[in-house]
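Hi,

Here is the structure I promised to pass on to you. Have a look at it first, and then read on for my notes.

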Amino acid sequence: MRSLKTIVLLCALITGLAFAQEPVKRQSRLFMDVELGLSHSHYGYPSKEFDGLGPVVDLKFGGAHSSQSFVFFAAVKYSQVLGSIGSMDASGYRFFLGGGTAWYPFDGGDSPMHGAFVGVSAGIMMIAADWRGQSMMDTFAMGSTCEIEEQGFSLAFELGKTWPITEKWRLGFVVTSAVDLPVRYGEGKYENDLYSIGASVRFARK
């Protein structure tokens, strides 16, 4: 009986050592993304509107699930736009800070759609436009006099595809659209039409 107990203990010990030596699978991987492109912004009000086009840069940083089908990220985006308010030339910007997720439904196989993705993100935004060419820092200064200036929330969607250029890095494109909802404390209902659309080249690590 004692010999049987000894054998059982030895088997348990060997099994435990075997599992201890088994490599632990990574549950997540680093995700990084840099996007450079063009963005069109529209700020519409009952009495005035601004339309502009200009360069946009978008940075994302987060992690990918072990299945590689989902990524989760924090995002920051800035676009500088040139356009007009009424009949006058104007310039403006849009700043976004938030986070989101993207789904790669065809990753993990040999599908020709490998690298295609859809994503959604939400966060806070700041927009401004002025015919005198206000910069982003002006909105932080007391007494800023931008013709259009708003802060609030934003919901954005993206669709694109990437192709592998190395084992970890991918290159591709993405189209985005965002709807902005300003917050105005102490005011009643108001009408506005604030949105942006864009297209960028994406360089990502996944």
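Over residues 17–27 of this predicted model, pLDDT (the predictor's confidence in each residue, from 0 to 100) stays under 50. That stretch has four contacts beyond four places in sequence, a contact being heavy atoms within 4.5 Å. Residues 1–15 also stay under 50, and for them the model has zero contacts beyond four places in sequence. For the chain, the mean pLDDT is 80, and 74% of the residues reach 70 or more.

Two notes on conventions before the rest. Numbering starts from 1 along each chain as its sequence is written, and side-chain values use heavy atoms, with hydrogens and water left out. As the model is a predicted one, local features need pLDDT of at least 70 and side-chain atom pairs count only at pLDDT 80 or more, while totals for chains, interfaces and linings use all residues.

Now the fold. The chain holds one helix and eight strands, in the order α-β-β-β-β-β-β-β-β from the N terminus. Helices (H or I, at least four residues) and strands (E, at least two) are DSSP runs, numbered from the N terminus. Of the contacts with a separation of 6 or more, 63% are between residues 24 or more positions apart. Of the 206 residues, 37% count as buried; buried means under 20% relative accessible area, exposed over 50%, and partly exposed in between, with a 1.4 Å probe and protein chains only. The chain exposes about 12200 Å², of which carbon and sulfur atoms supply 68%. These areas come from the Shrake-Rupley method with a 1.4 Å probe, and for residues only the protein chains shown count as cover.

Strand S5 (residues 116–130) pairs with S6 in the antiparallel sense over 14 bridges, and Ser121 stands opposite Ala156 in S6. S6 also pairs with strand S7 (residues 169–182), again antiparallel, over 13 bridges. Here Leu159 stands opposite Val175 in S7, and four residues lie between S6 and S7 in the hairpin that they form.

Side chains of opposite charge can pair when their charged atoms come close. With a salt bridge taken as a side-chain nitrogen of Lys or Arg within 4 Å of a carboxyl oxygen of Asp or Glu, the count comes to eleven. Asp33, Glu35, Asp58, Lys60, Lys77, Glu158 and Arg202 are linked in a network of these bridges.

Which residues does Asp33 pair with? One of its partners is Lys60, at 3.6 Å from N to O. That pair links strand S1 (Asp33) to strand S2 (Lys60), 27 residues apart. Arg202 also forms a salt bridge with Asp33, and here the closest N and O atoms are 3.1 Å apart. Arg202 lies in strand S8 and Asp33 in strand S1, so this bridge ties together parts that are 169 residues apart in sequence.

Arg202 has a salt bridge with Glu158 as well, with 3.4 Å between the closest N and O atoms. Glu158 sits in strand S6 (residues 148–164) and Arg202 in strand S8, 44 residues apart.

Glu158 is buried at 10%, and Arg202 is buried at 0%.

Strand S1 also holds Ser41, which is buried with a relative accessible area of 0%. Leaving out residues up to four places away in sequence, Ser41 touches Phe50, Asp51, Gly52, Val81, Arg94, Tyr195 and Ser196.

Finally, the surface. Val34, Leu36, Val57, Leu59, Ile165, Leu171, Val201 and Phe203 form a nonpolar patch with about 640 Å² of accessible area together. Strand S1 (28–44), strand S2 (49–65) and strand S8 (193–205) each give two or more residues to the patch. Patches are made of residues with over 30% relative accessible area and no salt bridge, with like charges joined within 9 Å and nonpolar side chains (Val, Leu, Ile, Met, Phe, Trp, Tyr) within 5 Å. Leu36 lies in strand S1 and is exposed, with a relative accessible area of 52%.

Best wishes

Methods: Pairing = 2+ DSSP bridges.
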